[in-house]
Amino acid sequence: MPLPEEQVPQLVPLAVIDAAQIVTLLDAAFGADRHQRTAYKVRAGTEWLPEYSVAVTDGSHLLGTAQGWPVALFGEDGERSPLIMVGPVAVIPEMQGTGIGKQMTHAICDALDLHGESGVMIGDPEYYERFFGFRSGPASGWSLPGPVEARRVLLRPAPGTRWPARGQLGPDPLHNKGGLPN
């Protein structure tokens, strides 16, 4: 027997989800100490971008969230190159491994393609290269405001873009607005 329509997982804009639910889900997926992670420092003081942020619900429960953030690479020559940082991709523990994270990441990658944007994330290169086109290597010489394995800094360049081998990745000052729950 199929699930009632309100129980079928559906992708929705993250903007329709209550901020407290997002925080609860992120704490469940990553722990309350997640703010100490390097990815949080990279995007500090920015707000997630609605056009690159999604959620999955079953009609009554939040099952997952994925966000896109305005960051930039500051090259050694001082040039600012904007990027969208993808993540965290969070799924409630009991639904991990069901494809929800993959569905949300594909949606964000589709939005990156639609807008001609390059994306960056910190993640498992084998997984994110295989399914989403993020590549380890091009960003391995970038500095971040915290510890990270260089192979886990992943770039998904927009077609026709070139990225410097060196630079500092951090919040994009043109988008700093104080931040929303993350």
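Contact here means heavy atoms within 4.5 Å.

## Basis and core

This is a predicted model, in which local features need pLDDT of at least 70 and side-chain atom pairs count only at pLDDT 80 or more, while totals for chains, interfaces and linings use all residues. Residues are numbered from 1 along each chain as its sequence is written, and side-chain values use heavy atoms, with hydrogens and water left out.

Leaving aside neighbours within four places in sequence, Val120 is in contact with Val71, Leu83, Ile84, Met85, Val86, Phe134, Trp142, Val153, Leu154 and Leu169. The largest nonpolar core has 49 residues. A nonpolar core is a set of buried Ala, Val, Leu, Ile, Met, Phe, Trp, Tyr and Cys residues joined through side-chain atoms within 4.5 Å; buried means under 20% relative accessible area, exposed over 50%, and partly exposed in between, with a 1.4 Å probe and protein chains only. The residues with the most contacts inside this core are Leu83, Met104, Val120, Phe134, Trp142 and Leu169.

## Helix H1

Helices (H or I, at least four residues) and strands (E, at least two) are DSSP runs, numbered from the N terminus. Helix H1 covers residues 19–30, 12 residues in total. From first C-alpha to last, H1 reaches 16 Å, close to the 16 Å expected at 1.5 Å a residue; the expected span is 1.5 Å times one less than the number of residues. Ile22, Leu25 and Leu26 are buried in H1. Seen down the axis of H1, the buried residues fall within an arc of 100 degrees, so they line one face of the helix. The arc is that of the directions from the helix axis to the C-beta atoms. An α-helix has 3.6 residues a turn, so residues three or four places apart point the same way. The buried residues of H1 pack against helix H2 (38–42), strand E3 (62–74) and strand E4 (80–91).

At the start of H1, a side-chain oxygen of Asp18 comes to within 3.1 Å of the backbone nitrogen of Ala20. Just after H1, Gly31 has a positive phi of about 95 degrees. Ala28 also belongs to helix H1 and is partly exposed, with a relative accessible area of 45%. Ala28 and Pro93 are 65 residues apart in sequence, and their C-alpha atoms are 7.0 Å apart in space.

In H4, the buried residues are Pro125, Tyr128 and Phe132. Viewed down the axis of H4, these fall within an arc of 90 degrees, so they line one face of the helix. They pack against E4, helix H3 (100–115), strand E5 (119–122), strand E6 (135–136) and E8.

The whole structure contains 7 aromatic pairs. Rings of Phe, Tyr and Trp (its six-membered ring) pair if their centres lie within 6.5 Å; planes under 30 degrees apart count as stacked, over 60 as edge-to-face and the rest as tilted. Tyr127 and Phe131 form a tilted pair, 5.1 Å centre to centre with 55 degrees between the planes. These two residues are 4 apart in helix H4 (residues 125–132), separated by about one helical turn. Tyr127 is partly exposed at 28% relative accessibility, and Phe131 is partly exposed at 27%. Trp142 and Trp163 form a tilted pair, 6.0 Å centre to centre with 55 degrees between the planes. Trp142 lies in strand E7 (residues 142–143) and Trp163 in the loop between strand E8 (153–156) and E9, so the pair ties together parts that are 21 residues apart in sequence. Trp142 is buried, with a relative accessible area of 6%. Tyr127, Tyr128, Phe131, Phe132 and Phe134 form one aromatic cluster.

Asp172 is found in the segment after strand E9 (167–171) and is buried, with a relative accessible area of 1%. The side chains of Asp172 and Arg80 are joined by a polar contact of 2.8 Å. A polar contact is a pair of N or O atoms within 3.5 Å; within protein, one must be able to donate a hydrogen and the other to accept it, and residues adjacent in sequence count only if both atoms are side-chain atoms. Not counting residues up to four places away in sequence, Asp172 touches Thr46, Pro70, Val71, Ala72, Arg80 and Pro82.

Thr46 sits in the loop between H2 and strand E2 (54–57) and is buried, at 0% relative accessibility. The side chain of Thr46 reaches the backbone oxygen of Arg43 at 2.6 Å. Thr46 and Leu174 are 128 residues apart along the chain, with their C-alpha atoms separated by 9.4 Å.
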